[in-house]
Amino acid sequence: MADTTESESRKLLVRLREAMAGDDAGQARLDKITHLIADSMGTEVCSVYLFRDDETLELCATQGLHTESVHQTRMRIGEGLVGRVAKYGKVVNTPDAPNAKGFRYMPETGEERFSSFLGVPIQRLGEMLGVLVVQSKEAREFSADAVYALEVVAMVIAEMTELGAFVGEGAALSPLHQQAVLIHGISAQEGAAEGHVWLHEPRVIVTNPIADDPQRELERLNDAVEELRVGVDKMLEVSRNGDKEQLQVLEAYRMFANSKGWMRRMEEDIARGLSAEAAVEKEQSQARTRMSQVQDAYLRERLSDLDDLSNRLLRILTGQGANTGAELPDNPILIARNIGPGDLLEYGRSLRGIVLEEGSVGSHAAIVARALAIPLVVNAKRITTEALNGDHIMVDGDQGVVHLRPDDTVVGAFRDKIAMHTKAQERYASIRDKPAVTTDGQRVNMVMNAGLMADLPSLDGSGAEGVGLFRTELQFLVRNQMPKRSELVALYKRVLDAAHGKPVVFRTLDIGSDKVLPYMKPTDEPNPALGWRAIRVGLDKPGVMRMQLQALLRAAEGRPLSIMFPFVAQFEEYRSAKAEVDKTIERERILGHVLPAELKVGAMLETPSLAYAPQKFFEEVAFISIGGNDLKQFFFAADRENERVRRRYDTLNVSFLSFIERIVERCAISGTPLSFCGEDAGRPVEAVCLAAMGIRTLSMRPASIGPVKSLLMRVDLGELRKIISDARHRGDQAVRPAVMEYLRGL
Ligand code: PEP
Ligand code: MG
């Protein structure tokens, strides 16, 4: 169909619709469709390949290839020309297929007789469903017009697949959105939850991909775009004096909403026979495919703006989709591609669990989920395309696994797990107000890590004796602009009020490395974890640090205050930072502000160098907190963010424990209070070993206090220390096996 005209293309779509309206079963429909397409494109072959699973494509219908190969011929994604179309989401158009790069010969199909090959992806909103292929004997390259026509047809097939049109006898296709699905993601917050799907952005179902009357569809599209433009202009008006970043996003929206290219492509799609909503979706699909391939962060953001705009347009056209007004189901489990911390805080504790298709363990949404103690799985591929509102779902935050529409056996096993969790929680609640004293009478101070106001209620709920680490940067990270001093004063005051006299250790701004403030110019560093971060930024650009110190001093309103500086690598850095504190105090005094009754200024020990600082440092510093997450990554030279290496070295490695012991000894000489606030403090086995090495204050996530305390109360630290020491003398690499044996015998 090198000279495919628009009206021919439309005719084909109308014939396709008629084929769909008949009462054929799924396979017969697919067969009919391939026949129609080959006929109308003037090719000998038309084939439909659909995904059987994430990796495998199957020939599901063909006109022109050997019929015996239907449901027999399979290929992996990336394999052969068909596999390439599926892998890259790109058209393959070649006059000489057998000699094209990547060609794979499949004798059972008899395709070697055909020279030219045109394959287009069958995709819906970036979800690859399969590949549509036409082939012919005559060696020719298909015209741009023919490619376009086939893409439009592929779009309709995608919509039909979504609607379950090919399910049925012989089709060997299972219906979408009905069967049980197991998705492996990455755990970002532990815990187990059962509930019902609540889509942050519900799917829009297009029931009429083919237009009856193109003129009418054009009008519908124009009306909808007009409504969209008015809406964007209104939003712009409202935000005119507000947040600069939001304004920029809206400006970009407006640019797209007025983009001639975007409109033109959609109008062409309609002229080819698509309905207005199918045209919007076709362009959106292609933008999503591009989005997954573009590396440039700025371009990706723009494509994501376009995606958002398309969603709005679809909602206007179909009247579907907005969750507003709908009621959250019982035990809602939030499903989203990604979600910002602000939106998540709005849902708050009403959610039982969260599953994100993208997201990452260190994302701000993950930080909020952790603060709210809601099980979170990130990187759950395909979840937004598989799940429908109200679906039964089980989230295993410990394993990073999601069971969508689980079958009875899974439900049974999962509920057992939840029951065990609940039992354990009851046990922890019973010891909540008891001190953590080991069987040999050692008292361990249990404090918690926090960073958001939402964390503070956990102080009472968990039985924490204070806040050992308040990560102040979270307040900076969840905003779009630098917070003002007055806002910080109010916030820190609320934190201290909520602590009801329990001690709170505020850590000054720890940015850089993985924590990049959205409103700060990013620095291009070859190795950010070893770069300009934390106290290094604070000392080089003291403006923000001074503002924060002032805010902390004022918020204390005469109450005792503890401040610590992150990432101190040498004595001099601590001294300089402490000098800033002293200067700020002096200024506050002159300004007539009340000063804290007592001020302790400490340092985080996160680089091995500080452990070997002059003894004078240990004498001068008010307290030391070991930031185990960073310390461990530098001790073993293993990036804490790198999945490949981050679990390679055991915290219970003899070298690391000996190093901790050395720090304990040095602090003991000068009587410097010492705590440990990395993630390991919240892991029961690691925590008891740290206690055995002499650490007497452990700061952890609130949810870990129960399990850690429960184990501490059952161990004899003297005995444990002997076990560790014996393992060390034996030359064991890690003390874990010996420690586990002891713990099992308790
Ligand atoms: C640490 O490094 O152990 C720590 C507590 O700080 P963060 O995880 O915020 O870097
Ligand atoms: Mg750190």
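This is a predicted model: local features need pLDDT of at least 70, side-chain atom pairs count only at pLDDT 80 or more; totals for chains, interfaces and linings use all residues.
In strand β2, Glu58 is the bridge partner of Leu50.

**Strand β1 and its partners**

Strand β2 covers residues 56-63 and pairs with β1 in the antiparallel sense. The two strands share 6 bridges. A hairpin of 4 residues joins β1 to β2.

β1 also pairs with strand β6, residues 127-136. This pairing is antiparallel too, over 6 bridges. Here Ser47 stands opposite Val133 of β6.

How many of the residues of β1 are buried? The count is 7 of 7. In a regular strand, side chains alternate between the two faces of the sheet. On one side of β1 lie Val45, Ser47, Tyr49 and Phe51. On the other lie Cys46, Val48 and Leu50. Both faces are covered, and each of these residues is buried.

Thr43 sits in the loop between α2 (26-41) and β1 (45-51). Is Thr43 buried or exposed? Its relative accessible area is 9%, so Thr43 counts as buried, the cut-off being under 20%. A polar atom of the Thr43 side chain lies 3.1 Å from the backbone oxygen of Val45. Neighbours within four places in sequence aside, Thr43 is in contact with Ala38, Val134, Gln135, Ser136, Arg140 and Phe142.

**The ligand 1 site**

Now to the ligand. There are 14 residues around ligand 1. Which of them come nearest? They are Arg471, Arg507, Glu606, Asn629 and Arg640. By class, the shell holds 7 charged, 4 polar and 3 nonpolar residues.

Two elements, β17 (467-471) and α22 (628-635), each supply at least two residues of this shell. The most comes from α22, with 3 residues.

How much of ligand 1 does the protein cover? On its own, ligand 1 has 280 Å² of accessible area, and the protein covers 98% of it.

Methods. Residues are numbered from 1 along each chain as its sequence is written. Chains are lettered from A and ligands numbered from 1 in the order in which they are written. Side-chain values use heavy atoms; hydrogens and water are left out. A residue is near a molecule or strand if one of its heavy atoms lies within 4 Å of it. Accessible areas come from the Shrake-Rupley method with a 1.4 Å probe; for residues, only the protein chains shown count as cover. Ala, Val, Leu, Ile, Met, Phe, Trp, Tyr, Cys and Pro count as nonpolar, Asp, Glu, Lys and Arg as charged, and the others, Gly among them, as polar. Buried means under 20% relative accessible area, exposed over 50%, partly exposed in between (1.4 Å probe, protein chains only). A polar contact is a pair of N or O atoms within 3.5 Å; within protein, one must be able to donate a hydrogen and the other to accept it, and residues adjacent in sequence count only if both atoms are side-chain atoms. Contact means heavy atoms within 4.5 Å. Two strands pair if DSSP finds at least two bridges between them.
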